[in-house]
Amino acid sequence: MTNAISIFDTTLRDGTQGEGISLSADDKLKIAQKLDALGVHYIEGGNPGSNGKDIEFFQRVKSLNLRAKITAFGSTRRKNAQAERDASLLRIIESGVPAATLVGKTWDFHVHTALQTTLEENLAMIYDSIAFLKSRGIEAIFDAEHFFDGFKHNPDYALAALRKAQEAGADWLVLCDTNGGTLPGEIYDIVTRVCGELKTPIGIHTHNDCELAVANSLAAVQAGAKQVQGTINGYGERCGNANLCSIIPTLQLKMNYSCISAEQLQQLTSTARYVSEIANVAMPVGQPYVGNAAFAHKGGIHVSAILKDSKTYEHIKPELVGNKQRILVSELAGQSNIISKAQELGLDITANNDKTKEIIDRIKDLEHQGYQFEGADASLELLLREAFAEVPVIFELESLKLLVEKSKDHMVSEAIVKITVGGESVYTVAEGNGPVNALDHALRKALVQFYPKINDIHLTDYKVRVIDEKDATAAKVRVLIQSTDFQNTWSTVGVSSNVIEASWEALVDSFRYALIGMEPVEVSTPVREQLGLVNH
């Protein structure tokens with residue numbers, strides 16, 4: 001297919017060079033499996049000679065039998081040396097990969113300043129290295145580092161470097177905007193010329209220092225590039241790499257190129273969020289296509305229109321990329337927002353229902369107090385269910401007490417919680433590294449015998465925001481808690497001038513939401529005695 005574009009993912013190599021991102025060998029293997037399921041064609045695993053994690057990755061990834069080509073990364077041979085004896089090239093061969101990316105200099109300034117060698121020697125380094133890999137049956141991808149800066153400074157030499165790689169048998173010539181400073185128009189013109197002068201397929205590798213990595217990649221494809229390199233969520237050094245989560249759907253849904261199958265494209269959102277969780281980096285809610293707010297609607301006029309036809313305020317159907325439409329409810333909400341959200345939950349309401357007006361007023365009052373339901377979908381759902389349907393009482397708090405003890409070496413918190421579950425009083429004590437952690441442990445300990453699913457629920461994020469800074473330490477705070485059971489993720493909110501009370505409120509909502517529709521199990525006599533259960 002002439003419109004087919006090869007997707008080269010470098011999340012596991014270039015992406016890990018981003019600040020705050022560190023992946024273990026296990027992390028990299030998990031992500032590689034997700035990328036393979038997404039349908040990318042190349043997965044660059046790292047440099048097999050640079051560190052123990054990458055060496056372990058290349059050893060273990062073979063057993064996964066992935067469809068994507070696992071690719072190793074390295075540099076051209078050292079100056080004034082032989083490729084056959086270059087340690088980096090030998091490690092690539094020893095790793096057993098079917099493909100390898102070699103980065104080489106194409107900017108004469110870098111040859112003189114960084115490599116401190118001659119232009120002729122650099123060309124020989126490129127040729128020898130590519131030819132050596134090809135002689136060992138490895139697909140060779142030449143990453144032309146700083147190509148666009150080099151081309152603008154000395155186009156003859158930049159092209160000469162590409163020709164040397166082509167002569168040596170390179171399978172791909174990838175043009176790199178390494179400093180991320182080139183504009184889309186420049187990218188288009190330069191790639192057009194390169195495609196016209198060389199026979200080897202061209203790829204594009206851009207960085208996001210001008211917020212143009214995606215636009216530059218798309219411009220290169222329009223000019224004739226057949227491979228796009230990038231990372232999931234745009235992770236990478238400095239301002240990041242080209243974001244494949246934007247490039248793939250734009251190429252496929254907007255520009256009539258084929259990257260992955262339609263079924264694989266529906267996994268894009270879950271893949272982006274999975275990688276975000278493994279990397280422990282929060283995704284921007286407004287990230288195009290895959291962000292939580294990418295298809296979220298808040299204004300009453302917008303919501304009223306999309307209920308008639310989603311095309312009024314959505315550029316694609318969110319399901320095409322595995323995302324979903326969300327109706328936000330806030331002090332700006334009209335009846336359309338409430339009706340749409342309630343219908344989404346299967347609640348039977350009408351625009352003329354008095355309860356609809358009551359709940360709108362209730363939400364506006366709560367938001368005036370400091371609550372925010374846009375980022376607390378589970379708390380909002382509980383609020384709506386309580387207004388329009390019966391919500392069973394899972395447990396009731398009788399009392400809680402917190403103790404904080406500071407010793408010379410450490411500080412420990414202890415929570416004492418007494419709750420009522422199914423007419424029985426449960427008393428538990430638990431420690432934590434902080435008061436909220438102790439409360440979480442104590443509540444979980446009290447509920448788990450009745451609701452074993454509690455073991456599958458984990459808190460993934462905890463945020464505290466001061467609402468009224470002028471009140472200093474007496475200020476009201478808003479606590480947002482994000483939880484997951486590894487299938488779904490939900491958020492809850494609590495507000496109080498006491499951070500413990502706000503945290504407890506958000507924590508309780510998290511467990512209530514997770515246990516909707518669940519019946520408690522019968523607790524055995526030994527466990528009842530251990531918990532000190534008392535019938536009311």
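Three strands form an open sheet, in the order S14-S15-S16, with antiparallel pairing. Strands here are DSSP runs of E with at least two residues, helices are runs of H or I with at least four, and both are numbered from the N terminus. Two strands pair if DSSP finds at least two bridges between them. The model is predicted: local features need pLDDT of at least 70, side-chain atom pairs count only at pLDDT 80 or more, and totals for chains, interfaces and linings use all residues. Residues are numbered from 1 along each chain as its sequence is written, and side-chain values use heavy atoms, with hydrogens and water left out.

Strand S14 (458-466) and strand S16 (489-496) stand at the edges of this sheet. Each has a single partner strand, so one side of each is left without a neighbour in the sheet. Neighbouring strands are turned by 15 degrees against each other on average, direction ignored. Such angles are taken between axes, which are lines fitted to C-alpha atoms, for helices over the stretch in contact; they run from 0 to 180 degrees between N-to-C directions.

Now follow the pairing. S14 and S15 run antiparallel and are joined by eight bridges. Strand S15 (residues 477-484) also pairs with S16 in the antiparallel sense, over eight bridges. Tyrosine 462 stands opposite isoleucine 481 in S15. Isoleucine 481 in turn stands opposite threonine 492 in S16. Leucine 480 has valine 493 as its bridge partner in S16. Strands of a sheet pair through backbone hydrogen bonds, either parallel or antiparallel.

S15 is largely enclosed by the rest of the structure, because six of its eight residues are buried. Buried means under 20% relative accessible area, exposed means over 50%, and partly exposed lies in between (1.4 Å probe, protein chains only). Helix H18 (residues 499-514) lies across S14, S15 and S16. H18 runs at about 150 degrees to S16.

Helix H10 (residues 244-254) has nine of its 11 residues buried. Among them are Leu244, Cys245, Ile247, Ile248 and Leu251. What covers the buried residues of H10 includes strand S1 (6-9), H9, strand S8 (227-230), helix H11 (262-265) and helix H12 (268-279). Asparagine 243 caps the N-terminal end of H10. One of its side-chain oxygens lies 2.9 Å from the backbone nitrogen of cysteine 245. H10 is followed by asparagine 256, whose phi is positive, near 65 degrees.

Turn to the aromatic rings. A search of the whole structure finds six aromatic pairs. Phenylalanine 147 and phenylalanine 148 form one that is edge-to-face, at 5.6 Å centre to centre and 85 degrees between the planes. Phenylalanine 147 also pairs with phenylalanine 151; this pair is tilted, at 5.9 Å centre to centre and 40 degrees between the planes. Rings of Phe, Tyr and Trp (its six-membered ring) pair if their centres lie within 6.5 Å; planes under 30 degrees apart count as stacked, over 60 as edge-to-face and the rest as tilted. Phe147, Phe148 and Phe151 form one aromatic cluster.

Phenylalanine 147 and phenylalanine 151 both lie in helix H6 (residues 147-153). They are four residues apart, about one turn of the helix. Phenylalanine 147 is buried, with a relative accessible area of 0%. Phenylalanine 148 is buried at 0%, and phenylalanine 151 is buried at 10%.

Charges meet rings elsewhere. The charged end of arginine 13 sits over the ring of phenylalanine 73, 3.7 Å from its centre. The charged end of lysine 164 sits over the ring of tyrosine 127, 5.7 Å from its centre. The rule asks for NZ of Lys or CZ of Arg within 6 Å of the ring centre and within 35 degrees of the ring normal.

Two loop residues remain. Histidine 207 lies between strand S7 (202-206) and helix H9 (213-223). At 6% relative accessibility, histidine 207 counts as buried. Its side chain makes a polar contact with the side chain of histidine 205 (3.2 Å). A polar contact is a pair of N or O atoms within 3.5 Å; within protein, one must be able to donate a hydrogen and the other to accept it, and residues adjacent in sequence count only if both atoms are side-chain atoms. Leaving aside neighbours within four places in sequence, histidine 207 is in contact with residues including Asp14, Asp177, Glu237 and Arg238. Contact means heavy atoms within 4.5 Å.

Serine 310 lies in the loop between helix H13 (300-308) and strand S10 (326-327). Serine 310 is buried, with a relative accessible area of 19%.
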